[in-house]
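Thanks for coming, everyone. I'd like to walk you through one structure today, so please have a look at the screen.

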Amino acid sequence: MNFKKKILCIGAGYVGGPSMAMIAYKCPDFRVTVVDINHDRIDAWNSDELPVYEPGLDAIVKKTRGRNLFFSKDIERQIKENDIIFVSVNTPTKTYGEGAHMAADLQFWEKTARQILQYASSSKIVIEKSTLPVKTAMAMEKILSSVKGKIKFDVLSNPEFMAEGTAMKDLENPDRVLIGSHQTPSGLKARNELVEIYARWIPAHKIITSNLWSSELSKLAANAFLAQRVSSINSISALCEKTDADISEVAKAVGMDSRIGDKFLKAGIGFGGSCFKKDILHLVYLCKTYGLNEVASYWESVVKINEYQQNRFIASIINNMFGTLAGKKICILGFAFKADTGDTRESPAIYIAKKLHSEKAQLIVSDPKALKNAAMDLADIKDHVKFIADPYEAARGCHALLVLTDWNIYRDLDYRKIYRSMIKPAFLFDGRNVVDHQKCFKIGFHVFPIGKPPMTHFRTS
Ligand code: NAD
Ligand code: UGA
C-alpha cells in the first residue's frame, strides 16, 4: 500500500506504544512504525501478550498491527525510511555525577539524536515526545546540525499528557495537544504537518501551539501542578487525623469551588508512577541552575510531603499493631502505583513493603496485574514475600490487610469472608480510602483510613 505519511517512533514503552497505536488507528493511510533497542519489548508488542497493560489497548493494536502499525528492531532502516520521527525514550533522574538524584539523565535522549544523525539520508521532522527539561530541543538541534550537509532537521516539542490506566481514553479525547516549534518558516511548516496528523481526530480548538521552550516547560509545570494537588490534600489529611475532620468531606467542600475543581483531591499514600517525582525533581534542578532557590524549595516540598505521607502511613501501622510487626503476616492488596495498570514504577507500595520487611513482617502481595513487576521490585527481599493473585488466598491467616492501590475490585471484596480467615484482632489499613469502612468495622475489623477517624473495637480505659 502507498502510505501518505511515514511515521516512526523511537521508544516502544508506555508512551510510544499506546500513542502510536492511536495514530495508526485514527490514520489508516499513514504507516506507523515503533522501534526500540529492547528487543524483548518489540517481541512482546508483536505477540498476544503486550508489554503494557492498558484498558482498550489490545483491541486497537489488534486492529492496526500488520495493517499500518509495525513494531521493528531495525532502527537504522526505519530512521532512513521515515520522514517524521517521534522520540519517546526514557528520561529518568540521573543517579550519578553532577545533579545526581535530581537532574534528568539525558543519555538515552542524546544517543537517539546521534542515531538519527548517523542513519538519516533525507530531511526529517524530529518530535520530542519524552518529557524533557526546558531547552533540551536546543541540544538536540546542536547535535543534528553538527554535520553540515543538505539534510535538514526540524525539531518540535509535542509532550504527552496521557495518564496510565486511562491512556487510550486520554489519547483519543485529550484535554489538549500541545505543539511547540520555532517561529521560523521552516519551524511553522513542520508544526503544521504535525497539526494535520492530530486534526484527523482532535478538534482544532484543542490543538494548541507555542514556542518550543513554553511547550517543554508546560509539560513539567503540568505534572508539578497535578502532583502539588495530591500533596496538598495529603497534607490536610494529616490534620484531619488530629482533629476528627474527614478528608473526603473536606475534599468535597473544597473541590466544589469551581475555581479549584474536584479532580486530584483524593488523599492516599502519596503519588507514585514514573513521572511525578522525576519531573518535579527536574524542575527543582532547573530552578536551582538558574539561581531560583526559593522557587526550587517550593516545588521540592511537594516531594517531601509525598515522602512524609508514606512514612506517616507506615508509622500508623506499627503504632496501632502494638509497636511491633516482627513475625506478623501482612497482606498487601494492590502493588501498582494506581488502578488499571500493571506499572509499579515509583509505586508507594515498594517503599512501604520494604519498610515493613525491615520491621520483620512477613509479606503477602496481591494485585490483579502487577505481580510480575512486584516480584522484580522486591527481588532483594524475595525470600520473605509471597505473591498470590487471589486476594482471599492472600489474606488468609494474616494479621493485617493494607490496601495500597485503588483497584475497583477492592471495593467489593467479601470482607466478611476475609475477616473470618484472618488472625484476630484483624487490622485494615486503607491507604486509598476505597473500602466501605463502616461495613468493615461492623464485620469486626479495626479500621484505619487516611484522613478520617480510626474505627477500633479496643476499649480505652
Ligand atoms: P519507558 O521506559 O516505558 O519506554 C522508553 C523506551 O525507550 C524503552 O523501551 C527503552 O528501551 C527505549 N529506548 C531508550 N533508548 C533508546 C534508543 N536509543 N533507541 C531506541 N529505543 C530506546 O518510558 P515511558 O513511560 O514510555 O516514558 C517515555 C517518556 O515519556 C519519558 O520522558 C516520560 O517522562 C514521558 N511520559 C511518560 C508517561 C507515562 O505515562 N509513562 C506519560 C507522559 C510522558
Ligand atoms: C501523570 C499525569 O496525570 C499525566 O497527565 C502525565 O502525562 C503523566 O503523569 C506523565 O507525565 O507520566 P500518571 O502518573 O500515569 O499520569 O497517573 P496519575 O493519574 O496522574 O496518578 C499519579 C499518582 O497520583 C498515582 O499514584 C495516583 O494514585 C496518585 N493520585 C492521583 C492520588 O493519590 N490522588 C489523586 O487524587 C490523584
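Let's begin with the lining of the largest cavity: its residues divide into 2 nonpolar, 4 polar and 3 charged. Before I go further, please keep in mind that this is a predicted model.

Which residues are they? The largest cavity is lined by Glu 128, Ser 130, Thr 131, Leu 132, Ser 157, Pro 159, Ser 215, Glu 216 and Lys 219. Helix α9, residues 212–243, gives the most to this lining, with 3 residues. As for volume, the largest cavity comes to about 40 Å³, and the structure holds 1 cavity of 30 Å³ or more. For anyone new to this kind of analysis, rolling a probe the size of a water molecule over the atoms shows where empty space is left.

Is strand β5 enclosed or open? Here 5 of the 5 residues of β5, which covers 124–128, are buried, so the strand is largely enclosed by the rest of the structure. Lys 124, Val 126 and Glu 128 point one way from β5, while Ile 125 and Ile 127 point the other way, and all are buried.

Now for the strands that pair with β5. On one hand there is β4, residues 84–87, which runs parallel to β5 and is joined to it by 4 bridges. If you want a spot to look for on the screen, find Ile 84, which stands opposite Ile 125 in β5. To get from β4 to β5, the chain passes through helix α5, residues 107–119, and this β-α-β crossover is right-handed.

On the other hand there is β6, residues 153–157, which pairs with β5 in the parallel sense over 5 bridges.

Last topic, and one I know some of you will ask about: the cysteines. How many disulfides does the structure hold? The count is 0. Take Cys 287, which is in no disulfide; the nearest cysteine sulfur belongs to Cys 275 and is 18 Å away. Cys 287 counts as buried, at 9% relative accessibility. Cys 240 is buried too, with a relative accessible area of 3%.

Technical notes. Residues numbered from 1 in each chain as written. Chains lettered and ligands numbered in written order. Predicted model: local features only at pLDDT ≥ 70, side-chain atom pairs only at ≥ 80, totals over all residues. Heavy atoms only, no water. 1 Å grid on protein atoms, 1.4 Å probe; cavity = no way out; pocket = protein on both sides within 12 Å on 5 of 7 lines; lining within 4 Å. Points joined across faces, edges and corners; volume = space filled by probe spheres on them. Helix = DSSP H or I, 4+ residues; strand = E, 2+ residues; numbered from the N terminus. Nonpolar A, V, L, I, M, F, W, Y, C, P; charged D, E, K, R; others polar. Buried < 20%, exposed > 50% of the residue type's maximum accessible area, 1.4 Å probe, protein only. Pairing = 2+ DSSP bridges. Right-handed = clockwise from strand over helix to strand, strands pointing away. Disulfide = S-S within 2.5 Å.
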